[in-house]
Amino acid sequence: MTISPAVPAPVRAGTATHCPYCALQCGMNVTAGAAAGAAGAAGAVGAAGIAGDTGEAGTLGETAGPAVTITPRHDVPANAGGLCQKGWTAGELLGRDRRLTTPLVDGRPATWDEALDTVAARIRAVRAEHGPDGVAVFGGGGLTNEKAYQLGKFARVVLRTSQIDYNGRFCMSSAAAAANRAFGMDRGLPFPITDLAGADAILVAGGNMAETMPPFVRHLTAMRERGGRLVVIDPRATATARRADLHLQPVPGTDLALAMGLLHIVIAEGRVDEAYVAARTTGFERVSASAAAWWPERVERITGVPVARMRQAAAILGDARRAMVLTGRGAEQHAKGTDTVSAFINLALALGLPGREGSGYGCVTGQGNGQGGREHGQKADQLPGYRRIDDPAARAHVAAVWGVDPGELPGPGRSAYELLDALGTAAGPRALLLFGSNPVISAPDAGRVAERLASLDLLVVSDFVLSETAAMADVVLPSTQWAEEDGTMTNLEGRVLLRRRAVAPPPGVRGDLEILRGLAARLRGPEGFPAEPREVFDELRRASAGGIADYSGITYERIAAETGVFWPCPDTGHPGTPRPFLDRFATPDGRARFTPVEHRPPEEDVDDDHPLYLTTGRVLAHYQSGAQTRRIAALNEAAPELFVELHPDLAERLEVEPGGRVRVVGRRGTAEAVARISPAIRPDTVFMPFHWAGANLLTNPALDPVSRMPEFKVCAVRLERAA
Ligand SMILES: Nc1nc2c(c(=O)[nH]1)N[C@H]1C(S)=C(S)[C@@H](COP(=O)(O)OP(=O)(O)OC[C@H]3O[C@@H](n4cnc5c(=O)[nH]c(N)nc54)[C@H](O)[C@@H]3O)O[C@H]1N2
Ligand SMILES: Nc1nc2c(c(=O)[nH]1)N[C@H]1C(S)=C(S)[C@@H](COP(=O)(O)OP(=O)(O)OC[C@H]3O[C@@H](n4cnc5c(=O)[nH]c(N)nc54)[C@H](O)[C@@H]3O)O[C@H]1N2
Ligand SMILES: [Mo]
């Protein structure tokens, strides 16, 4: 592939900023212009699996050839000099050649005025016929805090719609709901990431950081080098599980039972931290009583995890002076994800971990701004500062900042899948504005979602690439991206970071804030919709003041000077809060709450027609729906196409050869994929990544009753050999 991007004009050399991808938000320096000397450094883009976490200086491979040089920063603790393959190659989309540079209206290039006038006129028409809830908004956890905040404000103040939610519902919602329930606050890791290295034991339930956050692994490695032990729960022997001292390999969707079994053993073996439970928690008795029913042999029958391994895991955690329990999407993306996380939190509480320095429970947040994106109001039930939209005091506070009457603010709307599922139906929205997501690929039961999107009167997508969803849109608005704009991101530790403009955007594109300002101007008046990120941030600070996620003491200057500030930070003299639970939890009585939960089978279990469990997830080289990474040559080389991972015994039974094509047949759809045969997976389970169209034609949109998280991680399928 030959690439000849337009050279973006340098703004300043070597801008210190952060990666466009995941929640680790690795620090990187971006310099306009090709690298001198170091260009083409091999470590950068080799197909070297998890070796992507190289700490050495390097830049983009020769064939990558875009006009920026990326080097890792050493001053950001999360990556401390490391980057993964996606980070090294992130500059490739900054040129002009593989992105959108002109608005499209009904598939044809248009001027910005034509495009924004069209959107405004069609929104007015939909509103006239269907009322304010006829227009919906869908956001993303990759948006900066400023964008997420402004999008929520735009929905409530300009559109006056209750119909707004975002892709974080598919990501963080179960862990968030469980953390709120237990601690009264949802801050992914309630401790700095560097605390990991000091632990004596870490349990990871359903996370594969070696592929999803390669530089995270250095913290786990540092722990193990000190003699600490790593336990991983995953139906597959992943790159992360292979680095563990102990791997538990359960049937997908059985973590809740497994966590109950571990708690049962902890109680039976007298490993409960009684003093901590008495001083810092409530509700242990009921949970302890319910754990009694989860004796290890019963749990082994349900999960497939041998009793001896459960006992080993309980001993590793129980013997540790400092220990951590972490959950990832593997445990969370279930129709019982909230209860599953609660079960792991119960285990952590029984061991006396949360709120003790060097120990704790944390969820490993996913998207770049997965933390900040869930705090400032793009969620259906939320106002800025992690406030609830049905709380009168919260409404009054935010309405005052916005200069509107609290009574004008709409109430809570539909959750992400429910919103997508309602589009174009008699009772549902007729128009959708979408910023920062590609649901045609990433939503569950994506075939159904594509039908719903196609039935809309108006679909507007802001993106910098023509994603599969953008390709369906009536109006496409070409936006700027990470290294072309300023903004704040809140990483998985709750540390607010500054992403800086390092290069000028190509002519013809506009920032999302500018787009929202243009639409506000046409629908209501531009007042209150500045396009300058810093101005938006200063308003966000006021709107969040006094809320759970209080940013009022955080400024761009402080972030730059301090390499990030941890929220809550209620005034400019406040140091920020790296470990919010040391003295008390954020509950009314200051104690953490044990939550009684019960195990239940997956919403869709296997049967004779569909005898295998399908689980889904990620590979190192691609990000999410692949909209960005499938446009980068080196990443496509590393992971060129959709595959299905299956065990050799299953392959033999089905007479499937390595590299052969198979059909994966589910209850909602069928996907064709290349067979990747591997003993790393359970024989009763197959795995597909969701970076290409396919996996989500099969996944089950059954929702968690609390978080409204879909059951991405387990449904029933059969495999057939394809011609
Ligand atoms: N390369 C890459 N990195 C990414 C992303 C990406 O798309 N690509 N996305 C980012 C985002 S938004 C997120 S949310 C994170 C996600 O990060 P992770 O949570 O690490 O990612 P997943 O691959 O979705 O799931 C993790 C593991 O869960 C296992 N699993 C599946 N079913 C079950 C189950 O029932 N129980 C248990 N215990 N495990 C199960 C899978 O086998 C998989 O190895 O990654 C972030 N980083
Ligand atoms: N089967 C299965 N499905 C899953 C998951 C799974 O594990 N299994 N995981 C779920 C999870 S955890 C997540 S987070 C979702 C993610 O899935 P998506 O929501 O589809 O996420 P992305 O692919 O990151 O889509 C982001 C889109 O927005 C664009 N974009 C990025 N930044 C900006 C910006 O600042 N402004 C604008 N306007 N556009 C921007 C990108 O180019 C891209 O097209 O997928 C979910 N789907
Ligand atoms: Mo995610």
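Predicted model: local features only at pLDDT ≥ 70, side-chain atom pairs only at ≥ 80, totals over all residues.

**Entry 1: domains**

I looked up the division of the protein and found domain 1 (15-94), domain 2 (104-170 + 372-566), domain 3 (174-363) and domain 4 (612-721). I then turned to domain 3 and domain 4, whose centres, taken over C-alpha atoms, are separated by 26 Å. Between these two domains, 27 residues of domain 3 are in contact with 24 residues of domain 4.

**Entry 2: ligand 1**

I found 32 residues around ligand 1, and of these Asp234, Asp255, Arg618, His622 and Gln624 come nearest. Looking through the polar contacts, I noted a polar backbone atom of threonine 212 at 2.7 Å from a nitrogen atom of ligand 1. A backbone N or O atom of leucine 620 lies 3.1 Å from a nitrogen atom of ligand 1, and histidine 334 places a polar side-chain atom 3.3 Å from an oxygen atom of the ligand. As for cover, ligand 1 taken alone exposes 910 Å², of which the protein buries 99%.

**Entry 3: ligand 2**

I found 30 residues around ligand 2, with Asn167, Ser437, Ser442, Asp463 and Ser625 coming nearest. I recorded that this shell divides into 9 nonpolar, 16 polar and 5 charged residues. Among the polar contacts, asparagine 167 has a polar side-chain atom 2.6 Å from an oxygen atom of ligand 2, and serine 437 has a polar side-chain atom 2.7 Å from an oxygen atom of ligand 2. A nitrogen atom of ligand 2 also lies 2.9 Å from an N or O atom in the side chain of threonine 616. Taken alone, ligand 2 exposes 910 Å², and the protein buries 96% of that.

I then asked myself why ligand 2 lies between domain 2 and domain 4. I put it down to the shell, because domain 2 (104-170 + 372-566) and domain 4 (612-721) both give residues to the shell around ligand 2.

How values were computed:
Residues numbered from 1 in each chain as written. Chains lettered and ligands numbered in written order. Heavy atoms only, no water. Near = heavy atom within 4 Å. Polar contact = N/O pair within 3.5 Å; in protein donor to acceptor, adjacent residues only side chain to side chain. Areas by Shrake-Rupley, 256 points an atom, 1.4 Å probe, with all protein chains shown as cover. Nonpolar A, V, L, I, M, F, W, Y, C, P; charged D, E, K, R; others polar. Domains from an automatic or database assignment. Contact = heavy atoms within 4.5 Å.
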